[in-house]
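Below is a short report on one protein chain.

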Amino acid sequence: VVFCPQSVSSKGTRQFIKSKYPQIKRLNPLFPFSIRPYQNVEPYILAEFDYGGTAKRDLSYMTEEEINEQLKQLVELGEISLKADLYPWQQSARQDVDIVDYDRQNPKHNHII
């Protein structure tokens, strides 16, 4: 999660981090979840996946609840995606998730992000 420590557009992101981050880390201790404050940036969440794909979601002016929904959507993408070949050290932490851009209406158009 990238955000500005002072901007109005990052207010919801700061609230989300303050209230949800401790719980996320407690429930998912092996999950790499980084927080990066930068001056004068619009907030966003960037998900990086096992096979090198990424997904970015803009969080500007979102409420804590809206940000939580964005995170849930990224998790849902992981639950329906292709499975990656993990390195042996990752096998114990595997939760069977990788991400594809999933088209429920036309599965033939699914592709890795």
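## Aromatic pairs

The model is predicted. Across the whole structure, 2 aromatic pairs turn up. One of them joins Y21 and F33, with 5.6 Å between the ring centres and 40° between the planes. That geometry is tilted. The pair links distant parts of the chain, with its partners 12 residues apart. Y21 belongs to helix α1, residues 11-27. F33 lies in the loop between α1 and β2, the latter spanning 36-37.

Y21 has a relative accessible area of 24%, so it counts as partly exposed. F31 is partly exposed too, at 44% relative accessibility.

Setting aside neighbours within four places in sequence, F33 is in contact with V1, F16, Y21, I24, K25 and L71.

## The nonpolar core

In soluble globular proteins, nonpolar side chains tend to be buried together. Here the largest nonpolar core holds 17 residues. F16 and F33 have the most contacts inside this core. Elements contributing two or more residues are α1, β3 (44-48) and α2 (64-79). The most come from α2, which gives 4 residues.

F16 sits in helix α1. A relative accessible area of 1% makes F16 buried. Residues up to four places away in sequence aside, F16 touches Y21, I24, F33, E64, I67, N68 and L71. F16 and E66 are 50 residues apart along the chain, yet their C-alpha atoms are separated by 9.5 Å.

## Polar and charged features

S7 lies in the loop between β1 (2-3) and α1. Is S7 buried or exposed? At 19% relative accessibility, S7 counts as buried, because the cut-off is under 20%. The side chains of S7 and S10 are joined by a polar contact of 3.2 Å. Leaving out neighbours within four places in sequence, S7 is in contact with R14 and V41.

The charged end of K56 sits over the ring of Y44. The distance to the ring centre is 4.2 Å.

## The chain as a whole

The chain has 3 helices and 4 strands. Along the sequence, the order is β-α-β-β-β-α-α. Of the 113 residues, 33% are buried.

Among contacts with a separation of 6 or more, 49% are between residues 24 or more positions apart. The accessible surface of the chain is about 7900 Å². Carbon and sulfur atoms account for 52% of that surface.

Definitions and conventions
Residues are numbered from 1 along each chain as its sequence is written. This is a predicted model: local features need pLDDT of at least 70, side-chain atom pairs count only at pLDDT 80 or more; totals for chains, interfaces and linings use all residues. Side-chain values use heavy atoms; hydrogens and water are left out. Buried means under 20% relative accessible area, exposed over 50%, partly exposed in between (1.4 Å probe, protein chains only). Contact means heavy atoms within 4.5 Å. Accessible areas come from the Shrake-Rupley method with a 1.4 Å probe; for residues, only the protein chains shown count as cover. Rings of Phe, Tyr and Trp (its six-membered ring) pair if their centres lie within 6.5 Å; planes under 30 degrees apart count as stacked, over 60 as edge-to-face and the rest as tilted. A charge sits over a ring if NZ of Lys or CZ of Arg is within 6 Å of the ring centre and within 35 degrees of the ring normal. A nonpolar core is a set of buried Ala, Val, Leu, Ile, Met, Phe, Trp, Tyr and Cys residues joined through side-chain atoms within 4.5 Å. A polar contact is a pair of N or O atoms within 3.5 Å; within protein, one must be able to donate a hydrogen and the other to accept it, and residues adjacent in sequence count only if both atoms are side-chain atoms.
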